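The sequence and structure come first.

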Amino acid sequence: MARALTGDRFTVLAVGVGPAAAAAGTATALAGTRYDLVVSAGIGGGFQPGAPVGSLVVADEITVADLGAETADGFLPVTELGFGTVTHRPPAALVRALATATGARTGTVLTVSTVTGTAARAAELRARHPGALAEAMEGFGVAEAAVAHGVPVLELRAVSNPVGPRDRAAWRIGDALAALTEGFGKCAPVLESWKQA
């Protein structure tokens with residue numbers, strides 16, 4: 001169940017894990033309430049060396065990496081099957097402003113339903129998405145809900161672990177959460193002053 005904390009300018013909502021929970025929680029929050037912007041934020045894996053542990057990534061593309069079909073010739077995204085979408089693009093000026101304010105890197109943040117746990121899978125994702133800097137599990141679901149309600153969307157991730165072989169001992173969740181907290185402190189003035197053109 002989603003939990004919300006509402007202030008004068010921002011509503012913080014914990015929507016759960018995965019694209020379905022994120023989409024449902026975001027859509028519910030947007031129903032009947034007008035927001036200027038939706039931000040999907042949290043921790044995620046970083047593709048090395050582009051997004052080292054502890055760094056921040058602002059998505060210039062929010063892409064679902066595993067919505068489609070596996071074939072003998074490889075993976076086909078849902079768009080190549082003739083329907084749907086696989087990528088949402090946040091407002092470019094806002095992405096640039098947040099990257100400048102926070103020192104974040106900009107690139108594609110992949111949404112996956114199953115977190116990458118092998119070097120082979122990481123290499124496959126990088127081959128299909130050369131601009132990918134991070135992977136997480138919620139961004140595309142949040143973006144789908146936001147777009148359905150006509151609200152622009154942004155994704156911000158702090159890197160807690162490298163994308164690749166699963167090594168729980170190498171995760172730095174505390175460091176990533178600290179980086180995310182610091183980043184949000186620097187984001188607030190940008191978000192407060194931003195108006196979509």
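Is Glu-124 buried, exposed or partly exposed? I looked it up and found 30% relative accessibility, so Glu-124 counts as partly exposed (buried is under 20% relative accessible area, exposed is over 50%, and partly exposed is in between, with a 1.4 Å probe and protein chains only).

Before going further I noted that this is a predicted model, in which local features need pLDDT of at least 70 and side-chain atom pairs count only at pLDDT 80 or more, while totals for chains, interfaces and linings use all residues. Residues are numbered from 1 along each chain as its sequence is written, and side-chain values use heavy atoms, with hydrogens and water left out.

**Entry: salt bridges.** I counted 6 salt bridges, taking a side-chain nitrogen of Lys or Arg within 4 Å of a carboxyl oxygen of Asp or Glu. One of them joins the side chains of Glu-124 and Arg-128 at 3.3 Å, N to O; both residues lie in helix α3 (residues 119-128), 4 residues apart, about one turn of the helix. Helices (H or I, at least four residues) and strands (E, at least two) are DSSP runs numbered from the N terminus. Arg-128 is partly exposed, with a relative accessible area of 26%.

I then turned to Arg-157, which is buried with a relative accessible area of 3%. Glu-155 forms a salt bridge with Arg-157, the closest N and O atoms being 2.9 Å apart, and Glu-155 counts as buried at 0% relative accessibility. Arg-157 also forms a salt bridge with Glu-138, where the closest N and O atoms are 3.4 Å apart. This second pair links distant parts of the chain, with Arg-157 in strand β10 and Glu-138 in the loop between β9 and α4, 19 residues apart.

**Entry: two buried polar residues.** Ser-40, in strand β3, is buried with a relative accessible area of 5%, and its side chain makes a polar contact with that of Arg-157 at 3.4 Å. For a polar contact I required a pair of N or O atoms within 3.5 Å; within protein, one must be able to donate a hydrogen and the other to accept it, and residues adjacent in sequence count only if both atoms are side-chain atoms. Thr-111, in strand β8, counts as buried at 0% relative accessibility, and a polar atom of its side chain lies 2.8 Å from the backbone nitrogen of Phe-140.

**Entry: α4 and the core.** Phe-140 is one of the buried residues of α4, a helix that is mostly covered, with 7 of its 10 residues buried. I found α4 among the elements that give two or more residues to the largest nonpolar core, which has 21 residues, with Val-38, Val-57, Ile-62 and Val-153 making the most contacts inside it. Such a core is a set of buried Ala, Val, Leu, Ile, Met, Phe, Trp, Tyr and Cys residues joined through side-chain atoms within 4.5 Å. A second, separate core of 17 residues includes Leu-94, Val-95, Ala-158 and Ala-179.

**Entry: α5.** Ala-179 is also among the buried residues of α5, which pack against β3, β4, α2 and β10. I noted that α5 bends by about 40 degrees at Cys-187, and that a proline, Pro-189, follows within four residues; the bend is the angle between axes fitted to the seven residues ending there and the seven starting there.

**Entry: a cis peptide.** The peptide bond from Gln-48 to Pro-49 is cis, with omega near 5 degrees, and Pro-49 lies in the loop between β3 and β4.

Notes:
Contact means heavy atoms within 4.5 Å.
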